[in-house]
Amino acid sequence: MSTSTPRIAVCPGSFDPMTMGHVDIIERAARLYDRVVVAVAINRDKTPLFPVDERVAIVQEVFADRSPVEVDTFDGLLVEYARHKHASVIVRGLRAVSDFEYEFQMALMNRHLAPEIETTFMMPAEQYTYISSRLIKEVFALGGQIDGLVPPTVEQRLRARRQDRPIPHARLT
Ligand code: ADP
(Lines give C-alpha, C1' and ligand atoms only; values in the text may rest on other atoms or scores of the structure.)
Protein backbone atom coordinates (compact mmCIF):
# COMPACT_ATOMS: atom_id res chain seq x y z
CA MET A 1 0.00 0.00 0.00
CA SER A 2 1.35 3.44 -0.94
CA THR A 3 1.74 5.93 1.87
CA SER A 4 3.00 8.82 -0.28
CA THR A 5 1.35 12.22 0.11
CA PRO A 6 -1.35 12.79 -2.52
CA ARG A 7 -0.33 15.28 -5.20
CA ILE A 8 -2.89 18.04 -5.18
CA ALA A 9 -3.09 20.60 -8.00
CA VAL A 10 -5.08 23.83 -8.15
CA CYS A 11 -6.35 25.07 -11.53
CA PRO A 12 -7.27 28.71 -10.85
CA GLY A 13 -9.14 31.06 -13.15
CA SER A 14 -12.12 33.26 -13.76
CA PHE A 15 -13.93 30.65 -15.90
CA ASP A 16 -16.32 33.35 -17.14
CA PRO A 17 -17.43 31.15 -18.78
CA MET A 18 -15.67 27.79 -18.91
CA THR A 19 -14.48 26.93 -22.44
CA MET A 20 -13.23 23.72 -24.05
CA GLY A 21 -9.72 25.13 -23.58
CA HIS A 22 -10.25 25.08 -19.80
CA VAL A 23 -11.78 21.59 -19.98
CA ASP A 24 -8.77 20.35 -21.97
CA ILE A 25 -6.26 21.69 -19.41
CA ILE A 26 -8.22 20.32 -16.43
CA GLU A 27 -8.43 16.88 -18.05
CA ARG A 28 -4.68 16.89 -18.65
CA ALA A 29 -4.08 17.85 -15.01
CA ALA A 30 -6.45 15.08 -13.87
CA ARG A 31 -4.22 12.54 -15.59
CA LEU A 32 -1.16 13.76 -13.67
CA TYR A 33 -2.34 14.56 -10.15
CA ASP A 34 -4.22 12.71 -7.41
CA ARG A 35 -6.63 15.61 -6.82
CA VAL A 36 -7.39 18.59 -9.05
CA VAL A 37 -9.17 21.55 -7.48
CA VAL A 38 -10.72 23.89 -10.04
CA ALA A 39 -10.61 27.20 -8.15
CA VAL A 40 -13.07 29.78 -9.46
CA ALA A 41 -11.94 33.32 -8.69
CA ILE A 42 -14.48 35.50 -6.94
CA ASN A 43 -12.87 38.57 -8.61
CA ARG A 44 -14.42 41.36 -6.59
CA ASP A 45 -12.88 44.03 -8.81
CA LYS A 46 -14.15 42.59 -12.11
CA THR A 47 -17.76 42.42 -13.22
CA PRO A 48 -18.16 38.89 -14.57
CA LEU A 49 -20.92 37.90 -16.96
CA PHE A 50 -21.76 34.83 -14.88
CA PRO A 51 -21.97 35.16 -11.08
CA VAL A 52 -19.53 32.98 -9.19
CA ASP A 53 -22.23 30.47 -8.16
CA GLU A 54 -23.13 29.86 -11.78
CA ARG A 55 -19.48 29.52 -12.84
CA VAL A 56 -19.09 26.89 -10.10
CA ALA A 57 -22.31 25.12 -11.17
CA ILE A 58 -20.98 24.90 -14.74
CA VAL A 59 -17.73 23.24 -13.60
CA GLN A 60 -19.72 20.86 -11.39
CA GLU A 61 -21.97 19.93 -14.28
CA VAL A 62 -19.13 19.42 -16.75
CA PHE A 63 -17.04 17.35 -14.33
CA ALA A 64 -19.88 15.60 -12.48
CA ASP A 65 -18.54 12.39 -10.94
CA ARG A 66 -15.27 12.76 -12.81
CA SER A 67 -12.75 11.96 -10.16
CA PRO A 68 -10.28 13.46 -9.24
CA VAL A 69 -11.72 16.86 -10.23
CA GLU A 70 -13.48 19.02 -7.66
CA VAL A 71 -14.53 22.67 -7.67
CA ASP A 72 -14.24 25.49 -5.16
CA THR A 73 -14.08 29.29 -5.06
CA PHE A 74 -11.22 31.45 -3.90
CA ASP A 75 -10.54 35.05 -3.08
CA GLY A 76 -7.32 36.84 -2.17
CA LEU A 77 -3.82 35.47 -2.68
CA LEU A 78 -3.76 32.31 -4.77
CA VAL A 79 -0.73 30.85 -2.98
CA GLU A 80 -2.47 31.21 0.39
CA TYR A 81 -5.45 29.39 -1.03
CA ALA A 82 -3.18 26.66 -2.48
CA ARG A 83 -1.50 26.22 0.91
CA HIS A 84 -4.86 25.98 2.60
CA LYS A 85 -5.78 23.17 0.17
CA HIS A 86 -2.39 21.45 0.73
CA ALA A 87 -1.70 21.79 -2.99
CA SER A 88 1.88 21.51 -4.21
CA VAL A 89 1.13 22.59 -7.78
CA ILE A 90 -0.65 25.43 -9.58
CA VAL A 91 -1.68 24.51 -13.13
CA ARG A 92 -2.08 27.19 -15.79
CA GLY A 93 -2.79 26.90 -19.50
CA LEU A 94 -0.55 28.47 -22.13
CA ARG A 95 -2.12 29.25 -25.46
CA ALA A 96 0.32 31.51 -27.23
CA VAL A 97 3.38 33.65 -26.73
CA SER A 98 1.01 36.44 -25.74
CA ASP A 99 0.10 34.54 -22.55
CA PHE A 100 3.73 34.02 -21.66
CA GLU A 101 4.83 37.34 -20.19
CA TYR A 102 1.97 37.66 -17.73
CA GLU A 103 2.11 34.00 -16.74
CA PHE A 104 5.89 34.13 -16.29
CA GLN A 105 5.59 37.14 -13.96
CA MET A 106 2.79 35.54 -11.98
CA ALA A 107 4.63 32.23 -11.64
CA LEU A 108 7.78 33.93 -10.37
CA MET A 109 5.85 36.14 -7.96
CA ASN A 110 4.01 33.10 -6.64
CA ARG A 111 7.32 31.28 -6.24
CA HIS A 112 8.67 34.27 -4.32
CA LEU A 113 5.64 34.17 -2.04
CA ALA A 114 5.49 30.38 -1.69
CA PRO A 115 8.69 28.59 -2.81
CA GLU A 116 7.24 25.18 -1.96
CA ILE A 117 4.49 25.52 -4.58
CA GLU A 118 5.40 24.87 -8.21
CA THR A 119 3.56 26.34 -11.22
CA THR A 120 3.18 24.04 -14.21
CA PHE A 121 2.03 25.09 -17.66
CA MET A 122 0.11 22.94 -20.06
CA MET A 123 -0.75 23.47 -23.70
CA PRO A 124 -4.24 22.60 -24.89
CA ALA A 125 -5.03 20.64 -28.04
CA GLU A 126 -4.33 22.85 -31.06
CA GLN A 127 -8.00 23.41 -31.88
CA TYR A 128 -8.48 25.18 -28.55
CA THR A 129 -5.45 27.45 -28.65
CA TYR A 130 -7.36 30.45 -30.00
CA ILE A 131 -10.26 30.26 -27.54
CA SER A 132 -10.67 32.66 -24.66
CA SER A 133 -13.70 33.36 -22.48
CA ARG A 134 -13.69 36.98 -23.66
CA LEU A 135 -13.77 36.01 -27.34
CA ILE A 136 -16.53 33.46 -26.74
CA LYS A 137 -18.70 36.16 -25.15
CA GLU A 138 -18.04 38.57 -28.00
CA VAL A 139 -18.68 36.06 -30.77
CA PHE A 140 -21.85 34.81 -29.09
CA ALA A 141 -23.16 38.33 -28.47
CA LEU A 142 -22.68 39.10 -32.17
CA GLY A 143 -24.56 35.96 -33.24
CA GLY A 144 -21.59 33.73 -34.14
CA GLN A 145 -21.47 29.96 -33.70
CA ILE A 146 -19.71 28.74 -30.56
CA ASP A 147 -20.70 25.08 -30.52
CA GLY A 148 -17.74 22.81 -29.96
CA LEU A 149 -15.83 25.68 -28.35
CA VAL A 150 -17.66 25.57 -25.01
CA PRO A 151 -19.40 22.76 -23.10
CA PRO A 152 -23.08 22.45 -24.16
CA THR A 153 -24.30 23.76 -20.78
CA VAL A 154 -22.39 27.02 -21.35
CA GLU A 155 -24.00 27.57 -24.72
CA GLN A 156 -27.45 26.88 -23.22
CA ARG A 157 -26.81 29.30 -20.37
CA LEU A 158 -25.58 31.99 -22.76
CA ARG A 159 -28.75 31.56 -24.83
CA ALA A 160 -30.94 31.79 -21.74
CA ARG A 161 -29.11 34.95 -20.70
CA ARG A 162 -29.47 36.57 -24.10
CA GLN A 163 -33.23 36.23 -23.76
CA ASP A 164 -33.10 38.07 -20.44
CA ARG A 165 -30.79 40.88 -21.47
CA PRO A 166 -28.15 41.58 -24.10
CA ILE A 167 -24.55 40.61 -23.34
CA PRO A 168 -22.58 43.83 -22.80
CA HIS A 169 -19.27 44.85 -24.41
CA ALA A 170 -19.77 42.98 -27.70
CA ARG A 171 -17.16 44.24 -30.12
CA LEU A 172 -15.01 41.67 -32.00
CA THR A 173 -12.81 44.11 -33.87
P1 ADP B 1 -7.67 34.23 -15.53
O2 ADP B 1 -8.52 35.44 -15.32
O3 ADP B 1 -7.03 33.71 -14.27
O4 ADP B 1 -6.70 34.30 -16.67
P5 ADP B 1 -9.18 32.41 -17.19
O6 ADP B 1 -10.47 31.75 -16.87
O7 ADP B 1 -9.16 33.34 -18.34
O8 ADP B 1 -8.73 33.10 -15.85
O9 ADP B 1 -8.06 31.32 -17.43
C10 ADP B 1 -7.77 30.34 -16.48
C11 ADP B 1 -6.62 29.48 -16.98
O12 ADP B 1 -7.03 28.78 -18.13
C13 ADP B 1 -5.39 30.29 -17.38
O14 ADP B 1 -4.25 29.54 -17.08
C15 ADP B 1 -5.54 30.41 -18.87
O16 ADP B 1 -4.27 30.56 -19.51
C17 ADP B 1 -6.13 29.06 -19.18
N18 ADP B 1 -6.87 29.08 -20.42
C19 ADP B 1 -7.88 29.89 -20.80
N20 ADP B 1 -8.31 29.59 -22.03
C21 ADP B 1 -7.53 28.55 -22.45
C22 ADP B 1 -7.44 27.80 -23.66
N23 ADP B 1 -8.22 28.03 -24.71
N24 ADP B 1 -6.52 26.82 -23.72
C25 ADP B 1 -5.70 26.57 -22.68
N26 ADP B 1 -5.72 27.25 -21.53
C27 ADP B 1 -6.62 28.23 -21.41
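How far is an oxygen atom of the ligand from a polar backbone atom of G93? The separation is 2.7 Å, a polar contact in the sense of a pair of N or O atoms within 3.5 Å. Taken alone, the ligand exposes 550 Å², of which the protein buries 85%; these areas come from the Shrake-Rupley method with a 1.4 Å probe.

The model is predicted, so local features need pLDDT of at least 70 and side-chain atom pairs count only at pLDDT 80 or more, while totals for chains, interfaces and linings use all residues. Residues are numbered from 1 along each chain as its sequence is written, and side-chain values use heavy atoms, with hydrogens and water left out.

A polar backbone atom of F15 is 2.9 Å from an oxygen atom of the ligand, and an N or O atom in the side chain of H22 is 3.0 Å from a ligand oxygen atom.

Around the ligand there are 15 residues, counted when one of their heavy atoms lies within 4 Å of it. Those that come nearest are S14, F15, G93, Y128 and I131. The shell divides into six nonpolar, five polar and four charged residues; Ala, Val, Leu, Ile, Met, Phe, Trp, Tyr, Cys and Pro count as nonpolar, Asp, Glu, Lys and Arg as charged, and the others, Gly among them, as polar.

The elements β1 (8-13), α1 (20-32) and β4 (89-93) each supply at least two shell residues. The largest share, three residues, comes from α1. Helices (H or I, at least four residues) and strands (E, at least two) are DSSP runs, numbered from the N terminus.

How values were computed
A polar contact is a pair of N or O atoms within 3.5 Å; within protein, one must be able to donate a hydrogen and the other to accept it, and residues adjacent in sequence count only if both atoms are side-chain atoms.
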